Amino acid sequence: MRRSDRSPVKNAGLLTICGLLSGVVVAAAAFPAMALSGIAAKAGGDSFAALPAELKRASTPQATRVVAADGKTELALFWDEFRSDVPAKGINKTMLDAIVSAEDHKFYEHRGVDIKGIARAFVNNSSGADNGQQGASTLTMQYVRMTMTYSAHSPKEVVKATKDSNQRKVAEIKYAMQVEKEMTKQEILVGYLNQAPFGNGSYGIAAAAQVYFQKSPKNLTIAEAALLAGMVKAPTGFNPTTPEGFPRALDRRNWVIGNMRDLGYITPKQAADAIKSPLKKTVKRTTNGCAEVRINNWGFFCDFFYRWWLSRAEFGKTEFERERLLKGGGYRIVTSLDPKAQAAAWKNVTAKEGVKSKDALLLSAVEPKTGRVRALVANRRFKVDDPAHPENKLSSDPRKAEKGLLGTYPNTTNPLVTGGGDIRGYQAGSVFKMFTMVAALENGMPLAYPINTTNPYRSPLYRDPGGPCGGQYCPSNASKSEKGPFNMWTGFGASVNTYFVPLQERVGAEKVVDVAKRFGVQFREPADKERADKDAHTWGSFTLGVSASTPLEMANAYATLAADGLYCAPTPVEKITGPDGKKIDVGDPQCTRATEPDVARATIDAARCPIGDSAQLGSCGGHATARDARGVVKHPIFGKTGTTDNDRTASLIIGTTSMVVAGYLVNPDYQNHPYKMDHDVVNPAVENTLRDLMKGKPSVQFKRPKSTKIALGEQRSIPGVECTSIDEAKRRLEGAGFEASKGAEVPSACPKGQAAGTEPSGRTVKGGYVSIQVSAGTPAGPGGPGGPGGPKPGGPGIPGIPLPPFNN
């Protein structure tokens, strides 16, 4: 309880100083005449009355704590002043007694102002005698000063609140008396201890107890409390961690202990025992920011969170305001980072590519339907390389090395996985073919849509000035044998460039680019953005993944498929609560419809082919580019591999219904390097990470589209052409609305050179391609195609079109 048993003499003294500072000079025995007139003159007659009636109180800066998705694993702290306010019950009485013993012996006797102390200090400081400047600030006045400082809105106000002047003293006296009327003595002490600086990066008693003794304020011993109380006057001068400060801190501590004894707070024996306590010369400074995360490989995720926070207008108009709020708002932020997922990803990445490799193996794991990022890993140490003692080697780019520029390995804080700043992304190759497939399905082309591919393919639309085909864009495939009829199942499974470039031509490259935008590709590279915005229609190579992207973008793009076409912006946050414990609605999943559910489901069905799984709606035709993935993950999966020209990058994306993992193998310092990247590095890292993340989780099958039309399209009967001329066969097929051309020679009883049949036969997609099989003129043996007991020329259809027709 606040003491109220004041004597009439003390009350008169307070009234006297109020009068003096108002310009009304009243004689009082407590003040020498010279002191009274001096204070009144220097303070100004109207200064006291002119002050605002109320002391402005602003909350002090509080450290923000960032934890993992489990709600308990601490990732990082952000602070300008490391402080966490603690209530009265969290501070033991010993600490309260110690601060009174160090700063204000008469704290419990005055009402905010020590009248005799002020007069004594004024006389001493005005005499010119070389006795040193004396202060007369009570604990209450010091509390007021700190409160005024933290309430300042400009540097000028801060200076005004801290400048050693009579005007400042006037304000402190007025507000100290006001505070004593409004707060109990205990409340004043607790407020003081929560604001006071204690050195070594600690502000407030909770931070100080943690930094110096790794304990809470309620568990401080007499000696510990005395040390901290003694430091408030000059935290740097009484710093026990410096050679100069240690003896001063020891003397100061023991002086406070003696005061505690003399004031009756402790017994002589307790004082003697406390003085004997050894004083440590070391402290445990608290970490601050992403460069000091608790586990280093969390740094890239922490940086993603930090950049995300700075991008949010909810936290301020400018990045400066947002950063100040992060470092002083006292938030508790539960992030999306899964420590187990992160540990598994780090283990699998570094098992394939060490931190000293010039090549960066980058991995991102994203949860569909929420966009929550569960892991971000790069085979790098997240730290700033020390320019005085660099660990990083010369850049692997010869042009940069000639200039003496260092590479980004093993140390970097660049956002290699997520992009931002100077990191604009990397060409990821054929993983972009997914966007073309989505656009085709949205525009009525079914999965069974056939194209008779050539190798190479000469585009009638796209241009490549200076290219090998006289200005015509002419992509080729990885294998010379990849040509002939393909559909979306087989074309995606085999990653046939010469299927997807003409498919993009037919649907429109601008529509494919639009899908990529809807699925979250950022187009950070200025040239990419300009083309995407202004000249997408002629961007022939877009489907082959020449636009820069990041593993996070592409993991999230494929997660959009797993979310039934719902794009959810990648977020590092699960929950944010303010210092008052109330939830703040920022960071919740932000999702928009990117494509229809049936389009997403059909795309997934074709995307099961490249990674060794089986399509539900058609056939992969035996094609796969990462065939072992299904056996490693042991769950239904979809995904895609990717490489760029001359294998300068290698990528793999694999997902289940509940998690998508994307990995890139790149050289971020020298993207136009001359050597080949190896899928034997990136594939196991991605496969094993998804396997580890899915352990113990139920195996969930992907949903089928509600309509069969999106898979098979509108089917039409193929007219018979057996034993007709090739020209007649082509006339019949084109008359039925199909594209047709001469195909492979097959055994047949028809005369040599005539049509033996079609591939496919029976039925196929309206307007699709049909190959005319040419008779070799000799029947096959018994049981062979065209022979006795064998099937007639023509097969059951292009691989990917199931027979009998698909039924739900």
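Let's start at a turn. In the hairpin of E20 and E21, six residues lie between the strands, and asparagine 646 takes a positive phi near 60°. Keep in mind that this is a predicted model.

Now the strands on either side of that turn. E20 covers residues 638-643, and it pairs with E21 in the antiparallel sense over six bridges. Within that pairing, lysine 640 stands opposite isoleucine 653 in E21.

E21 has another partner. That is E22, residues 660-666, again antiparallel, again over six bridges. These two also form a hairpin, with four residues between them. Here isoleucine 653 stands opposite alanine 662 in E22.

Look at the two faces. Ala650, Leu652 and Ile654 point one way. Ser651, Ile653 and Gly655 point the other way. All are buried.

Next, the open sheet. Five strands, mixed pairing, in the order E2-E1-E5-E17-E18. Which strands stand at the edges? E2, residues 74-78, and E18, residues 583-584. Each has a single partner strand, so one side of each is left without a neighbour in the sheet.

Take the E18 end. E17, residues 573-577, runs antiparallel to E18, and two bridges join them. Threonine 577 stands opposite lysine 583 in E18. A helix packs on this sheet too: H14, residues 299-310. H14 touches E1, E2, E5 and E17. The direction of H14 makes about 45° with that of E2.

Conventions: Residues are numbered from 1 along each chain as its sequence is written. This is a predicted model: local features need pLDDT of at least 70, side-chain atom pairs count only at pLDDT 80 or more; totals for chains, interfaces and linings use all residues. Side-chain values use heavy atoms; hydrogens and water are left out. Two strands pair if DSSP finds at least two bridges between them. Contact means heavy atoms within 4.5 Å. Axes are lines fitted to C-alpha atoms, for helices over the stretch in contact, and angles run from 0 to 180 degrees between N-to-C directions. Buried means under 20% relative accessible area, exposed over 50%, partly exposed in between (1.4 Å probe, protein chains only).
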